[in-house]
Amino acid sequence: MTDKPRSGGCPFHPGTGPVAGRRGLMLGLAGGGALLLPAQAKAQPAPAPLMQSPPGRDAGAAGTALPFYGPHQPGILNPPPAAGLVAAFDVLATTPEELQRLFRLLTGRIAFLMAGGTPPAADPRFPPNDSGILGPVILPDGLTVTLSVGASIFDERFGLQALRPRQLVAMPRFPNDAPDRDWMHGDLLLQICANTPAATLHALRDIIKHMPSLLRLRWKLEGFLPAGLGDASAETPRNLLGFKDGTANLDPADATLMDALVWAGPAQGEPAWAQGGSYQVVRIIRNFVERWDRTPLREQERIFGRRREDGAPLGRSAEHEAFDYADDPDGQRIALDAHIRLANPRTAESANSRILRRPFNYSRGITRAGQLDMGLLFICFQADLRAGFVAVQERLNGEPLEEYIKPTGGGYFFVLPGAAGPDAYLGQGLFPA
Ligand SMILES: C=CC1=C(C)c2cc3[nH]c(cc4nc(cc5[nH]c(cc1n2)c(C)c5CCC(=O)O)C(CCC(=O)O)=C4C)c(C)c3C=C
Ligand SMILES: [Fe+2]
């Protein structure tokens with residue numbers, strides 16, 4: 001993580017915010033617990049045990065608070081935890097001033113939720129201050145909330161047309177797509193990730209409750225990973241087609257690589273305010289799992305170009321073995337139209353199209369035809385949308401995997417730069433000082 005934690009309290013609940021330290025952050029809770037908040041998700045000792053933890057939960061994990069303040073928002077470089085959802089909103093604000101108020105309010109809620117604390121008791125004649133689903137003390141549980149904007153926020157409503165990130169448009173339809181407009185686009189997107197679904201839903205409900213006149217939910221999808229990655233050394237999680245997904249991802253610990261391929265700014269021709277942001281692509285991709293489960297293993301592996309059992313590239317012996325296609329020009333080992341070969345042909349030219357993937361699996365009931373409605377909540381980040389996602393997707397168009405997948409929703413968004421400190425707010429650069 002490149003986020004630098006700073007000291008800061010919640011503007012709504014003074015005294016509940018974290019106190020910054022170089023290596024870790026201590027948070028005092030009303031319930032009597034003391035939490036060690038790791039400043040960097042990797043290279044940190046295990047969080048200190050809590051005196052008060054939810055029954056049956058790993059106390060250390062529940063107490064983990066990730067830093068919110070810094071040049072970039074959280075939820076991009078830190079390893080994805082077990083639960084992640086995306087929620088797209090239409091903005092009900094009608095003036096630039098109301099939009100600014102919305103960004104300030106959102107920032108305050110996110111800073112509070114990520115730090116954790118005790119909501120103040122309310123007069124019982126009024127609605128409680130908190131949903132209560134996490135109990136009386138809100139444990140951060142590795143929560144990150146990442147705020148992005150869609151192209152529509154730059155329409156005529158708020159006078160922001162000249163500030164639109166230059167590649168931010170409504171996501172177009174790709175050849176294999178079956179777009180469902182009820183599950184697409186949005187003025188704002190929140191990506192909410194945590195160790196448990198309860199923590200993500202708690203955060204979503206808190207945010208919705210606190211800004212009823214400013215936001216309307218447009219669509220939402222909850223995702224999960226078989227076991228949260230927790231740290232970078234954890235085993236690569238499997239998708240719902242049974243394959244390890246994330247093996248050849250960019251290394252988020254490589255700051256030079258992140259600067260070149262993930263973080264946008266004037267170097268990519270973006271407006272100055274966008275420095276430290278990133279293009280976020282969300283794709284809801286249904287998997288036809290009934291058909292997949294009746295497909296021979298050899299065919300499944302040919303389609304991806306990797307072994308199902310251990311994720312090794314076909315013809316190699318280990319998941320993370322370095323390789324390219326120079327010794328396999330005719331596709332004897334890895335077919336020319338295998339997913340990994342099209343996605344990244346490993347040529348000098350395709351090096352520019354590498355993207356940071358951060359997908360979750362999803363499962364949302366059944367279709368009208370009585371089939372399982374599950375698949376991949378594909379999420380990726382890049383500094384340059386055309387050079388990144390669009391170039392990769394165009395190479396994938398027509399791939400054999402398409403027989404088993406159907407993209408139905410999602411959108412293009414731009415992750416706002418991080419809030420520098422407690423006096424700053426997300427989206428601040430969009431408004432005159
Ligand atoms: C446009 C970008 C991509 C989409 C959309 C996409 C969908 C998708 N992918 C899988 C499963 C796997 N993908 C894997 C690798 C991989 N995928 C992409 C891009 C998109 N995938 C890239 C850039 C890569 C890395 C290629 C490389 O550098 O070698 C793998 C292999 C393991 C891994 O490296 O992660 C799997 C498995 C599904 C199921 C899916 C849509 C439903
Ligand atoms: Fe993929």
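UniProt positions are given here in the numbering of this model, with feature names shortened, and such annotations may be inferred rather than shown by experiment. With that in mind, the UniProt record, an unreviewed entry, places the feature "domain: Dyp-type peroxidase C-terminal" at residues 236-419. The model is predicted, so local features need pLDDT of at least 70 and side-chain atom pairs count only at pLDDT 80 or more, while totals for chains, interfaces and linings use all residues. Residues are numbered from 1 along each chain as its sequence is written, and chains are lettered from A and ligands numbered from 1 in the order in which they are written.

Of the 433 residues in the protein chain, 45% are buried. A residue is buried if 20 or more other C-beta atoms lie within 10 Å of its own, exposed if 12 or fewer, and partly exposed in between, with C-beta atoms placed from the backbone. Among contacts in the protein chain with a separation of 6 or more, 72% join residues 24 or more positions apart; two residues are in contact if their C-beta atoms, placed from the backbone, lie within 7 Å. The span 73-224 is 22% helix and 21% strand, and its end C-alpha atoms lie 21 Å apart. For the span 236-419 the content is 19% helix and 22% strand, with the end C-alpha atoms 31 Å apart.

Helix α3 (residues 197-210) has 14 residues and reaches 20 Å from its first C-alpha to its last, close to the 20 Å expected at 1.5 Å a residue; the expected span is 1.5 Å times one less than the number of residues. Its buried residues are A199, T200, H202, A203, L204, D206 and I207. These pack against β3 (83-91), α2 (96-115), β4 (144-149) and β5 (188-194). One residue of strand β5 is L190, which is buried, with 25 other C-beta atoms within 10 Å. Leaving aside neighbours within four places in sequence, L190 is in contact with A87, V145, L147 and I207. By contrast, L190 and D328 are 42 Å apart in space, C-alpha to C-alpha, and 138 residues apart in sequence.

Of the 26 residues around ligand 1, F243, T247, A248, A343 and N344 come nearest, where a residue is near a molecule or strand if its C-beta atom, placed from the backbone, lies within 6 Å of it. The elements that give two or more residues to this shell are β7 (278-287), α7 (339-343), β10 (372-382) and α8 (386-396). Helix α8 gives the most, with 4 residues. By class, the shell has 14 nonpolar, 8 polar and 4 charged residues; Ala, Val, Leu, Ile, Met, Phe, Trp, Tyr, Cys and Pro count as nonpolar, Asp, Glu, Lys and Arg as charged, and the others, Gly among them, as polar.

Helix α8 deserves a further look. In α8, the residues G388, F389, V390, V392 and Q393 are buried. Seen down the axis of α8, the buried residues fall within an arc of 160 degrees, so they line one face of the helix; the arc is that of the directions from the helix axis to the C-beta atoms. The buried residues of α8 pack against β7, α7 and β10. G398, which follows α8, has a positive phi, near 90 degrees.

Most residues other than glycine have a negative phi. D141 has a positive phi, near 55 degrees, and lies in the loop between α2 and β4. With 28 C-beta neighbours inside 10 Å, D141 counts as buried. Phi of R346 is also positive, near 60 degrees, and R346 sits in the loop between α7 and β8 (356-357). R346 is partly exposed, with 15 other C-beta atoms within 10 Å.

Finally, A227 lies in the loop between β6 (215-224) and α4 (255-261). A227 counts as exposed, with 12 C-beta neighbours inside 10 Å. Beyond neighbours within four places in sequence, A227 is in contact with A82 and P237.
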